[in-house]
Amino acid sequence: MADRAKVPSERAVRDAVQRLARVKPGAFLVVSCFLKLEPRDKTRGKYLIKMKNRVRRALEDLDGLGAERGVREQVAGDLNRVLRFFEEPARLPPARGVALFACAKLGLFDVIPLPHVHRSRLAVRPVPLVSELVALEEEFGTVLAVACDRKGARFFEVTAYDVVELPGLTPPAGRTSGFRASKQRRTPGGHPTGGAGERSYHTRIREEKQRLYAAAADQVFRIHSQRPVAGLVVAGVGVDAAALLPHLHTYLHDLVLGVVRLDPKRATPLELREAAPTLREERERAWERAHADAVRKGIGSGWAVNGVEPTRAALALGQVRTLLADGLAVDERIDDAIEDALAERAQIDVLYDERARRAVDGLAALLRFRR
């Protein structure tokens, strides 16, 4: 059994993309597979059922590729290798998506864990389909994760393929030491049972906590000013998990993706890396509904199109600003349209929200210009 695919470094992914992009057409074909591995896709092995169907259709279509017998046999072997890989759940990477590229004649079988996949799809082409890998880093941007409590703040830069912990903040030594009240009765925990000393102690604790959160918010502002972030994730425990939010500068509030419950002292980079795409997905459902509503309103004025063929025609003319694709529809034309949109550097919104999907006939688009 193959080992579980490890999460590669950002540099390793870039090297892999460059290597795949250098492949030129030859006496071979390359299998390119993008697979969503979000929780709903893993339920009862849904991802495997979909992959088996895609491999079966690809095998049925081999005769129509117009390739020589040796190339068809190569592709059939590669498709079976891909399927065997996904049949072993232990091989799946700890990620929300995966890209796999296979070509026996090139000695190629690359598995790249991804934080996000637009839509599960499989294609057989003369060269690897790497446009989504190239676009993903730009689309994902940099998310800043802040794990904060009264004893300190940790900062993490999360990108599509990597997570780096930045220098953190700690309160000055000795600021949170307890108070002395020797003649008062104490609780089993050692604190006085009441009086001015206890009130002073708890007041100081609250003030120091607020100063720490304010300092953390200032650090977030400085980081964003030096290298703008695309999103902000806040982590903490209990009722204090979201305590940083009121201290953030006003225009940073729109960047907040959400709050996760993690112990700031024990949170690992991998946990923060997993939290970012999870919270992004929750926000994306709202974006899907907003884009679907924009399509409804834009059709009458000519600023939107709906349907597979009208949308493909708009793509061919370079009109598409935002492509909307039904994430559950089975139609190879949708997969091809996503590749075309990636090449055109259009925004891509694959719809999984039920209300948004009902507004789109397979494909739709918001346009850059009207004809």
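Two strands are taken to pair if DSSP finds at least two bridges between them, and helices (H or I, at least four residues) and strands (E, at least two) are DSSP runs, numbered from the N terminus. The model is a predicted one, so local features need pLDDT of at least 70 and side-chain atom pairs count only at pLDDT 80 or more, while totals for chains, interfaces and linings use all residues. Residues are numbered from 1 along each chain as its sequence is written, and side-chain values use heavy atoms, with hydrogens and water left out.

Phe155 sits opposite Leu166 in β7, and the two strands make a hairpin with four residues between them. On the β5 side, strand β5 (residues 143-149) and β6 also pair in the antiparallel sense, here over seven bridges. Val143 faces Val158 of β6, and this hairpin has two residues between its strands.

What about burial in β6? Buried means under 20% relative accessible area, exposed over 50%, and partly exposed in between (1.4 Å probe, protein chains only). Seven of the seven residues of β6 (residues 152-158) are buried, so the strand is largely enclosed by the rest of the structure. Gly152, Arg154, Phe156 and Val158 point one way, Ala153, Phe155 and Glu157 the other, and all are buried.

Turning to the helices, α3 (residues 46-60) and α4 (residues 69-86) pack at an angle of about 175°, with their axes 10 Å apart. The axes are lines fitted to C-alpha atoms over the stretch in contact, and angles run from 0 to 180 degrees between N-to-C directions. Helices α3 and α4 are therefore roughly antiparallel to each other, a label for angles over 145 degrees. Contact (heavy atoms within 4.5 Å) involves, among others, Tyr47, Leu48 and Met51 of α3 and Leu79, Leu83 and Phe86 of α4.

Then there are the rings, which pair if their centres lie within 6.5 Å, with planes under 30 degrees apart counted as stacked, over 60 as edge-to-face and the rest as tilted. A search of the whole structure turns up four aromatic pairs. Phe85 and Phe86 have ring centres 5.2 Å apart and planes at 85°, so the pair is edge-to-face. Phe85 is buried at 6% relative accessible area, and Phe86 is buried at 0%. For Phe85 and Phe109, the centres are 6.0 Å apart and the planes at 65°, so this pair is edge-to-face too. It links distant parts of the chain, Phe85 in helix α4 and Phe109 in strand β3 (residues 108-114), 24 residues apart. Phe109 is partly exposed at 27%.

Conventions
Parallel < 35°, antiparallel > 145°, perpendicular 65-115°, else oblique.
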